Amino acid sequence: MHRPGLAAIILCLALPVPASADFYAGDTIQKLCKDDSPLLLGYLAGWIDKWDRDTNMLADGFRNEKTPQAKRLVLTYLQKATEGICIPDDANLGQIQNILCNYVDRNPSKRKLASADLISSSLKQAWRCKR
């Protein structure tokens, strides 16, 4: 094993990681925003990748279903997964970070919410799907 790889593994094992699925609440997001932390961009990239994967997988399932009942069921899950968010194709992580940071800054009462809720709420407000 290469020494840099071993060092990375040791560092990962040494870092404390919360037990919950949401690593940050709004107070931490606000601090990362103020510090212009690259950690926030990485976290957002992961969230967006997961959201995109889930919604694309469900959209494919909807297209491939044969019966109206199955299509309705998959559509219900697809609507829940997208949360009414339609991110433009030309959006970038910098824009998404700005949207999130502005949202957290303007909504101090929501800073106790989990990061996933804050990200989806901020993006829904900025890029709600048109019906």
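Where do Asp-60 and Arg-63 lie, and how many residues apart are they? Both lie in helix α3, 3 residues apart, about one turn of the helix. Asp-60 is partly exposed, at 37% relative accessible area. Arg-63 is exposed, at 54%. Then there is a network: salt bridges with shared partners join Lys-50, Arg-53 and Asp-54.

A word on the source. This is a predicted model.

Back to the charges. The whole structure holds 5 salt bridges. One of them pairs Asp-27 with Lys-112, with the closest N and O atoms 2.6 Å apart. Asp-27 lies in helix α2 and Lys-112 in the loop between α5 and α6, so this bridge ties together parts that are 85 residues apart in sequence. Asp-27 is partly exposed, with a relative accessible area of 36%. Lys-112 is exposed, and its value is 69%.

Another salt bridge joins Asp-35 and Lys-31, at 2.8 Å from N to O. Asp-35 counts as partly exposed, with 48% relative accessibility. Lys-31 has 52%, and because the cut-off for exposed is over 50%, Lys-31 counts as exposed.

Now the disulfides. How many are there? The count comes to 2. Take Cys-33 and Cys-101 to begin with. Their sulfur atoms are 1.9 Å apart. The torsion about the S-S bond is about -85°, so this disulfide is left-handed. Cys-33 lies in helix α2 and Cys-101 in helix α5, so the pair ties together parts that are 68 residues apart in sequence. Both cysteines, Cys-33 and Cys-101, are buried.

Next, Cys-86 and Cys-129. Here, too, the sulfur atoms are 1.9 Å apart. Is this disulfide left-handed or right-handed? The torsion of Cys-86 and Cys-129 is about 100°, so the disulfide is right-handed. Cys-86 lies in the loop between α4, residues 68-82, and α5, while Cys-129 lies in the segment after α6, so the link ties together parts that are 43 residues apart in sequence. Cys-86 is partly exposed, with a relative accessible area of 41%. Cys-129 is partly exposed as well, at 24%. Number the bonded cysteines in sequence order, and the pairing reads 1-3, 2-4.

On to helix α6, residues 115-126. Helix α6 has 12 residues. From first C-alpha to last it reaches 16 Å, close to the 16 Å expected at 1.5 Å a residue. Which residues of α6 are buried? They are Ser-115, Leu-118, Ile-119, Ser-120, Ser-122 and Leu-123. What do these buried residues pack against? They pack against α2, α3 (38-64) and α5 (93-106).

Is Gln-30 buried or exposed? Gln-30 is buried, with a relative accessible area of 17%. Leaving aside residues up to four places away in sequence, Gln-30 touches Val-104, Asp-105 and Arg-111.

Helix α2 holds Asp-27, the partner of Lys-112 in a salt bridge.

Technical notes. Residues numbered from 1 in each chain as written. Predicted model: local features only at pLDDT ≥ 70, side-chain atom pairs only at ≥ 80, totals over all residues. Heavy atoms only, no water. Buried < 20%, exposed > 50% of the residue type's maximum accessible area, 1.4 Å probe, protein only. Contact = heavy atoms within 4.5 Å. Helix = DSSP H or I, 4+ residues; strand = E, 2+ residues; numbered from the N terminus. Expected span 1.5 Å × (residues − 1). Salt bridge = Lys/Arg side-chain N within 4 Å of Asp/Glu carboxyl O. Disulfide = S-S within 2.5 Å.
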